[in-house]
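Please open the structure in your viewer and keep the selection tool at hand.

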Amino acid sequence: MTDKKNLSERDICTKFITPALETSGWDKLTQVLEEVSFTDGKIYVKGKMTARGTRKRADYILYYKPNIPIAIIEAKDNNHSVRAGIQQALDYATILDIPCVFSSNGDGFLFHDRTASGQNLETEIGLDQFPSPEQLWEKYKRYKGITTTDAEKVVSQDYYFDGTGRKPRYYQQIAVNRTVEAIANGQNRILLVMATGTGKTYTAFQIIHRLWKSGAKKRILFLADRNALIDQTRRGDFKHFKDKMTVVKHRMVDKSYEIYLALYQGLAGNEEEKNIYKQFSPGFFDLIVVDECHRGSAREDSSWREILTYFKAATQIGLTATPRETDTISNTEYFNEPIYTYSLKQGIDDGFLAPYRVIRIGLNIDLEGWRPESGKLDKYGNPIEDRIYNRRDFEKTVVIDERTDTVAKKITEFLKGYDRYAKTIVFCADIDHAERMRSALQRHNADIAAGNHKYIMQITGDNDEGKRELDNFINPEEKIPVIATTSELMTTGVDAQTCKVIVLDSNINSMTKFKQIIGRGTRINEEYGKLYFTILDFRNATDLFADRDFDGDPIRIKPVTEETDLGEVVEEEENDNTAIIDEESGEEIKMEPPSIRYPGYDLPETTASEPRQKIYVNGVDVSVLISRELYFDHNGRPITVSLKDYTKEIIKGQFASLDDFMNKWKNSDRKEAITAELMEQGVMVEALYEAVDKQVDLFDLICHVAYDQPPLTRKERANNVKKRNYFTKYGEQAKKVLEALLDKYADEGIENIESMEVLKVKPLTDYGSPVEIIKEFGSKDNYLAAVKELENELYRTA
């Protein structure tokens, strides 16, 4: 009989753990999933190349029904104790919201029961004592507070399967299950916070479908504030509702449907006769889902909020990537605290969202300010007020032609060096700016635009031709348009899967708006090569990445109570940069604070109904003062110390001394694994190569940056090996192969010679096929040993 100690972890699963599950009544086909990868692996960017990090993988996840996970098992081989896997299993269980946690080495199980307390928290059980599905389902219900038969019927309702094999990701599964469970338990106001690009609409569809099919909710209203959102929803995930669904439009109401999609603006208006939502009885809908709930309905005195108040008896779910919390606007006050939050940082770390590069371009007049020379006139012959104009003014109160042209020129330069057909959104200060930016980009891209004027399009709320091209812009299969200039229309709800470049040339004071704009680039589309995106920042808007609120939970800034001094609140509101939502258009109205003004120059008084007119100027010297790339740590925060110091700190946290690192390097079978490990810890390998500016490999890079060792180039290391006549012990042909590998190392680095694939490329193919080359060394093991010895020679210290 085979000694259990000699079995691999996989053998332990096959011979002991899986049979124990089947004996306990688990259906191997529908309830047991093995080796479940529940993340995609973080994407790392190397120049224009990308690589995936390690996926999180559970050995077993057990389901009561598909997508309702109730237990997790971490397996180890029999050289480990039965307890060895429990900490990793608990980490995964916390992420996946699973109550029953097991570890096993094939001798039995350690059961950690998250529904229990005291001495019953962890118990060892035999292989023949594993709980049945019914037993763990009872624990799951206790964990979720499911106490009635009616509630159990709702929470056990099947997910919708469309026959394509599409399944919800783990975080969508948690969001759906928690929402359905909360509603089954009687909760009527629910907030879900999910980063842009994580599939809020698909999540909403599964929630609605399960509640609808279970009979818990019979008539459902899905509310949005933009036509694009309604159209995407109707044609996308909600299409499975077929003839049970209608879109409310032209202010016409048909009460024969079960699923209704509607715009706020289509249901409400300034005049009473336009409030068509009142044609429905207050109790008509029993479920309302509010998409992008941070927008119009977040304000308590909003006319859109009146719709929700009118249907107050209905269960209401708010969906957003960016909940709004100010002293006058609160999502959490209305919907309660989020029942689940899946952040941008989590999405990037899991590999479901695209990471970003940030390139800041500082223009001279933005960084130093611009003061018109004495007697300077605008383009229409009017004198210009004598004061210093700065970034806050440009494109809002003062338009300088050369500034617009310089921005367009730098965008074009970037695309020429990157990809002329990379989908790009340029966020401008307003519609006038978007219009002029389109013209400037047309001039700088005349070689392509002359052949197709739709290469660059202005896509703003007032431009019908541009709005007609929005669908083509977001369609991955459509090559044109490539560049879209916009102000507010594309900040939210636009599913631009292949957007690779975001340009910021607008002052962004609202964290909500900033998150929404960044969200335009976070979607991944591997089929079309979209795995990361680049932010070109002309306004230092990316300072908001350093704000502790960028990826944090929203905080109610100043709740208004009976004791609050309203005079103080008004005073604080005057100094607050939080954007205000226009209820009809759904767009933000920006309130600009005053700029620096020189004494002795009196401005004509203006009223709120007479906004200051823009000043149009030309003949100004505009140039780029600084252009640099920002780097971010593994928590997504900008690195403020030098890149070398930041890297040194990470490496010394991993390896206490130079000897520790050298031992790890020497004993590692594949140096690529060390590279991947360091990148996962946040080391910017490619950026460091550029900083050191020498043809060195990772070994010398780390020794130099972290331990102050003088670096040798790859060619210098290769030449040192050649001088030692190391190859003389090999036959003539094997010697030529090793010399070719050495040259390959000098040209490309250590990772390439570690791979067997190197035998399939020049000049190695000159010495025969991979099989023939390996024969020269006697066997594959001998060949790999020779490569390992070659590596040791490369990194000899004496």
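**A guided tour of the chain**

Begin by selecting residues 624-630, which form strand 26; Ile-626 lies in this strand. The model is a predicted one, as should be kept in mind at every stop.

Is Ile-626 buried, partly exposed or exposed? Its relative accessibility is 41%, so Ile-626 counts as partly exposed, since that class covers values between 20% and 50%.

Which side chains does Arg-360 contact? Display Thr-542, whose side chain is joined to that of Arg-360 by a polar contact of 3.0 Å. Then display Asp-543: its side chain makes a polar contact of 2.4 Å with the side chain of Arg-360.

Zoom out to view the whole protein chain, which has 29 helices and 26 strands. Of its 798 residues, 52% count as buried. The accessible surface comes to about 36,400 Å², and 46% of this area belongs to carbon and sulfur atoms. Among contacts between residues at least 6 apart in sequence, 71% join residues at least 24 apart.

Finally, colour the chain by pLDDT. The average is 83, and 85% of the residues score at least 70. Select residues 552-611, where the pLDDT is below 50; this stretch has 97 contacts in the model beyond near neighbours in sequence.

Notes: Residues numbered from 1 in each chain as written. Predicted model: local features only at pLDDT ≥ 70, side-chain atom pairs only at ≥ 80, totals over all residues. Heavy atoms only, no water. Helix = DSSP H or I, 4+ residues; strand = E, 2+ residues; numbered from the N terminus. Buried < 20%, exposed > 50% of the residue type's maximum accessible area, 1.4 Å probe, protein only. pLDDT = per-residue confidence, 0-100. Contact = heavy atoms within 4.5 Å. Polar contact = N/O pair within 3.5 Å; in protein donor to acceptor, adjacent residues only side chain to side chain. Areas by Shrake-Rupley, 256 points an atom, 1.4 Å probe, with all protein chains shown as cover.
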